[in-house]
Amino acid sequence: MPLNRQPNIADPDDFYRELIDSQRGLSDAQAEMLTTKLVLILANHVGERAVLSEAIALARDNTLQHG
Amino acid sequence: MSKSYSYPEFPYRQSAAQREGRLERHPLVVIGAGPIGLSIALDCAQRGIPVRLLDDNNTVSFGSRAVCYAKRPLEIWDRLGVAAPLVDKGVRWQVGKVFLEDEQVYQFDLLPESGHKMPAMINLQQYYVEQTLVDACEAHPKIDIGWKHKLVALSQQDDHARLTVETPDGRYHLLADWVIACDGANSDTRQMVGAQFTGQFFEDRFLIADVVLKAPPQPAHGGQRLGTEPERWFWFDPPFHRGQSVLLHKQCDDVWRIDFQLGRDADPEAEKRPERVIPRIQAMLGPDLPFELEWVSVYQFACRRIDNFRYGRVIFAGDSAHQVSPFGARGANTGIQDADNLAWKLKLVLDGSAPLALIDSYQEERAFAADDNLLNSTRATDFISPKSPVSLRYRNAVLELAATEAFARPLINSGRLSTPTPYLQSSLNTPDAEAFAGRMKPGTHCADAPVRHQDQPAWLLNVLNTLHGPAGGFTLLCFGDRPAVESVAEGPIVARVLSVGDDVQDAEGLLAQRYDAQPGTVYLIRPDQHVAARWRRFDAAAIRAALRRATAQH
């Protein structure tokens, strides 16, 4: 199954708020660590190597496009 | 400075050729009497090649250096008849533990499958390995070691090399049909042929301290004491050495190897001084544990490979051809496998029984293995010594998660320990035409198995060896009814039948299991105990074709 690039989260505003709130009260270093751990946890959940490669490439390409 | 070992001094002997001013021509000159040069000399000599082995020094390795030896190199040394004293002397281990600060986050077990003669791993100081190999080489009538013989120049003709060698009696020249350069990561020979040696350098410095302890160390703050079983302990960011990694290994004679990461800015000269080293060790072991400092070394490393393993008549093996980080014990272990791969090929080419292309299959197979080792070694180094703040954060995130989350543990890489790289893509292999399960694909080193031979318990790999004697040869490992012939020949290349059920008994059924064998199954096994081809029935024409292929006669 290829990387799902269509909307897939049921309540996007609620999810986004939860994501931002998760960093409340953390130092910058802690917040960065949280984000890093989240990447690893979700990557393991996805598991499928080809999908992970596609996601990594998308994040990198999108970053480079924005300078 | 060694407390536990006294270094032998091997005698310099002036050669008759130098004394008499004769230009002698040798079939084979090996440069460098380290573990690889000595192993290759022994392998070639046992196959019948006279070997002139030159070393610029006259003793063994200074310091313990390469200390971990894996199962496959031990099997190769067993084929050469030198493994028993090494295994007896070495420290067997199989458990590794990884700590973050003072908390254990991961444990692995090399879990040696039962039914193998050799253990998964032993730790043994390199000087013991070299001394054992030197004794075997000195005792071999076809090996002539020149101690204090330094290669200073080399030029090449079509079918030989001309070497200029410096000894205490001055310089002289000799000729060699073939030269094998085993003169290490800083190989002079490599420079003499103009080879490129490129790859990745790592800026981190590391300190090795070998200490003699009469009791197992109890790391201060760590709270955990090593038990009676030797284990490999690896710390990330321990309280006694903040922000860096530490590796602990037990060697024989109560010597413990402690490897401290020092970072990029460390001053290598200052860090070697006892007044700097001793406080680091006391911080780790506690101020009261008595120890003696045996050997200290500060090193940096690179992961790099030679562009071509052969330049004319000069062939490179071991660290002269590929250099890896120490994490994973892949340096000496892969070098011994270079020797294993090259000796039988050189013998057949020197005899005129196989074309030069067989030597070039050494590059094909061992460069493939070297690249696999370099990949593993570079990955471990990137984990242990992250190069950017973001990669450091990923590394620490993995370690922090691993304490409670199983999913993160396989991502921890404190060095993946050396295992052989099968030559699955080798042009010497005959691809399977029939269905086989299991690991014994063409290009794979033969798995050992317990057997009975001449009414005695024995091991498959030993029986393969005794079938041929030290000169070695191809084997047809045949399951089921004994074939009508004793051997199959393709020109001068002969494969001898070893019948399972007749010559050897599959005592525990492990042989058939590991080789996915049924009655009629035939394996063609190379002189270096790798699978060349396999079939479900004995077919002499197919065997002859596979023999041609396995000796590069396409």
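Helix α3 (residues 71–79) of chain B packs against α9(B) at an angle of about 40 degrees, with the two axes 9 Å apart. The model is predicted; local features need pLDDT of at least 70, side-chain atom pairs count only at pLDDT 80 or more, and totals for chains, interfaces and linings use all residues. Residues are numbered from 1 along each chain as its sequence is written, and chains are lettered from A and ligands numbered from 1 in the order in which they are written. Helices (H or I, at least four residues) and strands (E, at least two) are DSSP runs, numbered from the N terminus. Axes are lines fitted to C-alpha atoms, for helices over the stretch in contact, and angles run from 0 to 180 degrees between N-to-C directions.

The α3(B) and α9(B) helices are therefore oblique to each other (under 35 degrees is roughly parallel, over 145 roughly antiparallel, 65 to 115 roughly perpendicular, and the rest oblique). Their crossing is left-handed (the near helix is turned anticlockwise from the far one by less than a right angle; clockwise is right-handed). On the α3(B) side, the contact is made by B:Arg72, B:Pro73 and B:Ile76. On the α9(B) side, B:Asn333, B:Ile336, B:Gln337 and B:Asp340 take part. Contact requires C-beta atoms, placed from the backbone, within 7 Å. The contact residues divide into 3 nonpolar, 2 polar and 2 charged (Ala, Val, Leu, Ile, Met, Phe, Trp, Tyr, Cys and Pro count as nonpolar, Asp, Glu, Lys and Arg as charged, and the others, Gly among them, as polar).

B:Ile336 lies in helix α9 of chain B. This residue is buried, with 27 other C-beta atoms within 10 Å (buried means 20 or more such atoms, exposed 12 or fewer, partly exposed in between, with C-beta atoms placed from the backbone). Leaving aside residues up to four places away in sequence, B:Ile336 touches B:Pro35, B:Ile36, B:Ser39, B:Pro73 and B:Ile76. B:Ile336 and B:Trp77 are 259 residues apart in sequence, yet their C-alpha atoms are 8.5 Å apart in space.

B:Ala329 sits in the loop between β21 (322–323) and α9 (331–350) of chain B. Its phi is positive, about 55 degrees, although the residue is not a glycine. B:Ala329 counts as buried, with 24 C-beta neighbours inside 10 Å. B:Gln454, also not a glycine, has a positive phi of about 50 degrees. This residue is in the loop between β22 (450–453) and β23 (456–459) of chain B. B:Gln454 is exposed, with 9 other C-beta atoms within 10 Å.

In chain B, 3 strands form an open antiparallel sheet in the order β12-β18-β21. Strands β12 (197–201) and β21 stand at the edges, each with a single partner, so one side of each has no neighbour in the sheet. Helix α10 (residues 357–384) of chain B packs on this sheet and touches β12, β18 and β21. The direction of α10 makes about 165 degrees with that of β18(B). Strands β12(B) and β18 (residues 302–306) pair in the antiparallel sense over 5 bridges (pairing requires at least two DSSP bridges). B:Phe201 stands opposite B:Ala302 in β18(B).

Between the chains, helix α2 (residues 28–46) of chain A meets helix α11 (residues 389–402) of chain B. The axes come within 9 Å and cross at roughly 70 degrees. The two helices are therefore roughly perpendicular to each other. Chain A contributes A:Glu32, A:Met33, A:Thr36, A:Lys37 and A:Leu40 from α2(A). Chain B contributes B:Arg393, B:Tyr394, B:Ala397, B:Val398 and B:Leu401 from α11(B). The residues of this contact divide into 6 nonpolar, 1 polar and 3 charged.

Terms used. Two residues are in contact if their C-beta atoms, placed from the backbone, lie within 7 Å.
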